[in-house]
Amino acid sequence: MQIEAADETPVGRLLDLSLRLNMLSQRMARLYLLAYAGDRSQSVLTDLQQDRLEFIAGLYELETARENSPDSREAISLAKTQWLFFVQAIGTSRGGERQAKNVATSSERIAQMLNEVSAHYADSSAPGQLATDQGKLAARQKK
């Protein structure tokens, strides 16, 4: 319920976004592995491309958010680095066991970093902080 309440705040929105990006990284890995296993249908390839574009936009939004703490910025930076490895692995025209392993390991590392980011956002939207954030938001809206 705290997350739902925090969703109305900027930090709550970022928490939701970090959780979504975590899901997208795992989904892209699954789609890549489906294609690697032989399912190169248009729907799989289209979904992979759409998820990739959404992930890029979301990662940029997380990276540029004013609400980030130094710890969340560091975790986002690490996720971004893993994203570069992930993109390289899924973009390789010749899929092989090595590329499949790189996709699996880099997507797992992205998930770990985004879990850290989510934890930082959840911590900053704890009940006392949530009230403070909502007060700040209300004050901004009055200006």
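What share of contacts in the chain between residues at least 6 apart in sequence join residues at least 24 apart? The share is 75%. The legends below refer to a predicted model.

View 1. From the N terminus on, its elements run α-α-α-α-α-α. The chain holds 143 residues, and buried residues make up 36% of them.

**View 2. Helix α2 packs against helix α3.** The two axes come within 9 Å. They cross at roughly 150°. That angle is over 145°, so α2 counts as roughly antiparallel to α3. The crossing of α2 and α3 is left-handed. By class, the contact of α2 with α3 has 13 nonpolar residues, three polar ones and eight charged ones.

**View 3. Helix α3 meets helix α4.** Helix α3 covers residues 42-64, and helix α4 covers residues 70-91. Their axes come within 10 Å and cross at roughly 160°. This makes α3 roughly antiparallel to α4. Their crossing is left-handed. On the α3 side, the contact residues are Arg52, Phe55, Ile56, Leu59, Leu62 and Glu63. On the α4 side, they are Arg73, Ile76, Lys80, Trp83, Val87, Ile90 and Gly91. Sorted by class, the contact of α3 with α4 has eight nonpolar residues, one polar residue and four charged residues.

**View 4. Helix α4 packs against helix α5.** Helix α5 spans residues 97-124. The axes of α4 and α5 lie 8 Å apart, at an angle of about 160°. The two helices are therefore roughly antiparallel to each other. α4 passes α5 in a left-handed crossing. In the contact of α4 with α5, 15 residues are nonpolar, seven are polar and three are charged.

**View 5. Tyr32 and Tyr36 pair within helix α2.** How many aromatic pairs does the count give? It comes to three. One of them joins Tyr32 and Tyr36, with ring centres 6.5 Å apart. Their planes stand at 15°, so the pair is stacked. Both residues sit in helix α2, which covers residues 10-36. Tyr32 and Tyr36 are four residues apart, so about one helical turn separates them. Is Tyr32 buried or exposed? Tyr32 is buried, with a relative accessible area of 7%. Tyr36 is partly exposed, with a relative accessible area of 38%.

View 6. Phe55 is buried, with a relative accessible area of 0%. Trp83 also counts as buried, at 7% relative accessibility. Both residues take part in the contact of α3 with α4.

**View 7. An aromatic cluster includes Phe86.** Which residues form the cluster? They are Phe55, Trp83 and Phe86.

Methods
Residues numbered from 1 in each chain as written. Predicted model: local features only at pLDDT ≥ 70, side-chain atom pairs only at ≥ 80, totals over all residues. Heavy atoms only, no water. Axes fitted to C-alpha atoms, helices over the stretch in contact; angles between N-to-C directions. Parallel < 35°, antiparallel > 145°, perpendicular 65-115°, else oblique. Left-handed = near helix turned anticlockwise from the far one by under 90°. Contact = heavy atoms within 4.5 Å. Nonpolar A, V, L, I, M, F, W, Y, C, P; charged D, E, K, R; others polar. Phe/Tyr/Trp six-rings, centres within 6.5 Å; stacked < 30°, edge-to-face > 60°. Buried < 20%, exposed > 50% of the residue type's maximum accessible area, 1.4 Å probe, protein only.
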